[in-house]
Amino acid sequence: MDTTPDRGIHVPSASSPAPAPPCTLVIFGANGDLTRRLLMPSLHNLAMAGLLADGFAVLGVDRNARTDEAWQEQQTDSMRDYAGGKGGLDEEGWAWLRSRLAYLTGSFEDPETYRQLAAWAARRRETEGNANLVFYLATPPRFFEVIIGGLAEAGLMGEGPDAFRRIVVEKPFGTDLASAKALNARILGLVEERQVFRIDHFLGKETVQNILALRFANGLFEPLWRRDHIDHVQITVAETVGVGTRGRFYEPTGALRDMVPNHLMQLLAMVAMEPPNTLGADAIRAEKAKVVQAIRPLRGDDLARAVVRGQYRAGALRGEAVPAYREEANVAPDSATETYVALRLEIDNWRWAGVPFYLRTGKRLAARRTEIAIHLKQAPHALFRGTAVGALPPNVLVLHIQPEEGVSLGLSAKVPGPRMRLSGVRMAFDYAGHFGVRPSTGYETLLYDALSGDASLFQRADNVEAGWAAIQPVLDAPPPVQDYAAGGEGPEAAEQLLACDGRHWLPLG
Ligand code: BG6
């Protein structure tokens with residue numbers, strides 16, 4: 001695709017966004033990995049972009065005793081490792097943020113922590129005139145309810161005309177449909193839905209947000225975006241990493257729970273949803289919930305035919321030997337946890353009836369690649385009968401999410417010469433190459449939106465529950481786990497899943 005901007009097409013440039021309103025971001029889990037690796041670097045990048053107000057502050061809460069200065073020092077050290085991107089740490093930008101970091105020592109289970117927090121907030125209101133608080137739960141999920149309960153009990157969730165109060169909840173949100181529903185019910189017994197920002201970090205990826213722009217800002221695609229023209233859709237989230245040090249979390253979780261009800265369902269929803277009435281948070285989230293709720297429930301024999309679970313055995317990646325999942329730390333030697341899952345889903349609605357959506361995700365695969373491949377129906381061959389042209393390959397529109405970021409379209413073109421011969425060609429738009437995007441963690445947009453009160457990129461209770469409902473039958477009756485070699489394409493049975501329908505996965509390697 002020629003993406004040169006100067007072709008007489010005037011695209012009005014959006015004025016730069018205003019800084020988020022002044023507030024204090026209270027991070028529970030201030031000494032954790034997420035704070036160090038993602039939250040602080042993102043806040044640094046937001047500060048650099050002028051998107052944090054002067055009255056912005058961060059209060060870290062955790063049980064290890066620290067002074068403000070010691071926590072600032074600790075965060076500065078890790079920023080030297082994690083402030084990623086080409087620019088690295090900007091000393092001036094970091095000094096601005098560092099001076100706004102404070103720390104409160106306290107256990108999440110102790111009501112005293114919340115009393116102290118309330119006293120801290122009251123002092124800040126007096127000195128800064130600012131009572132806005134956003135609570136970020138960067139903690140293991142077992143603390144979600146306890147923290148929200150503690151905040152509500154201490155009167156910290158009550159909003160007023162001059163004070164907003166929000167909570168940001170990380171994944172995993174529940175471990176199945178029943179637990180997700182129960183967690184939603186308890187949270188919504190304490191706070192309003194509009195105060196809850198459930199994160200799915202895939203929605204922070206620019207390329208995921210671009211799916212909406214691609215679909216709804218271009219007249220070209222919408223007429224094709226339906227069962228009449230689309231043969232099937234493949235959604236792939238392939239990783240080369242193994243479970244590494246996360247065995248303890250991964251063993252009871254597995255690839256299905258870890259990736260499908262959240263990340264893969266988000267991708268499916270972005271591709272398959274109906275156009276929302278507006279770009280408002282509730283309009284978008286209502287359409288997403290609707291399409292995920294329309295996934296045909298997998299039952300009995302259908303389930304066995306439509307789901308493949310796999311686990312990596314030892315293999316090699318980029319020439320290096322890698323161990324089997326069962327040999328990883330904190331993994332049972334006879335573990336039946338899946339590190340790969342592939343599903344064939346159907347969406348029972350007018351637009352998608354009869355169009356299979358194939359989803360796959362796994363660890364220790366041949367390549368790291370997240371993409372959505374939309375396979376269009378084949379053109380009729382009749383015209384080329386009697387020529388050297390064999391089967392016509394279908395057009396495939398690929399939305400590249402990561403690490404390649406962009407859009408490509410596979411077309412057939414005539415090979416130059418006197419005879420009619422065709423060759424596959426690729427038109428491609430590369431996001432970074434075109435826009436020269438600055439490296440980011442993917443959390444910047446999510447944080448900025450939570451601070452600004454825009455919930456479009458966050459999951460509403462019904463979105464989370466729809467994702468779990470779609471996979472609950474598989475959790476109830478999981479098919480047996482098949483082996484696949486680390487560094488490969490996944491289990492043979494996953495190939496069969498498509499081969500039965502006369503189709504093939506796009507190769508990873
Ligand atoms: C997380 C999962 O939610 O997403 C991990 O728990 C997975 O297992 C990760 O590796 C993938 O995210 P990203 O942004 O690295 O593609």
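Start with helix α1 (residues 33–48) and helix α2 (residues 68–82), whose axes come within 9 Å and cross at roughly 90°. Those axes are lines fitted to C-alpha atoms, for helices over the stretch in contact, with angles running from 0 to 180 degrees between N-to-C directions. α1 and α2 are therefore roughly perpendicular to each other, a label used for 65 to 115 degrees.

Before going on: this is a predicted model, in which local features need pLDDT of at least 70 and side-chain atom pairs count only at pLDDT 80 or more, while totals for chains, interfaces and linings use all residues. Residues are numbered from 1 along each chain as its sequence is written, and side-chain values use heavy atoms, with hydrogens and water left out.

Which residues meet between α1 and α2? From α1 they are Thr35, Arg36, Arg37, Met40, Pro41 and His44, and from α2 Trp71, Gln75, Ser78, Met79 and Tyr82; contact means heavy atoms within 4.5 Å. By type, the residues of this contact are five nonpolar, four polar and two charged.

Now the strands, which, like the helices, are DSSP runs numbered from the N terminus (helices H or I, at least four residues; strands E, at least two). Strand β14 (residues 396–402) is largely enclosed by the rest of the structure, because seven of its seven residues are buried, meaning under 20% relative accessible area with a 1.4 Å probe, protein chains only.

β14 pairs with strand β13 (residues 369–376) in the antiparallel sense over six bridges; pairing requires at least two bridges found by DSSP. Here Thr370 stands opposite Gln402. β14 also runs antiparallel to strand β15 (residues 406–414), joined by five bridges, with Leu399 partnered by Val407. Three residues lie between β14 and β15 in the hairpin they form.

How values were computed:
Buried < 20%, exposed > 50% of the residue type's maximum accessible area, 1.4 Å probe, protein only. Parallel < 35°, antiparallel > 145°, perpendicular 65-115°, else oblique. Nonpolar A, V, L, I, M, F, W, Y, C, P; charged D, E, K, R; others polar.
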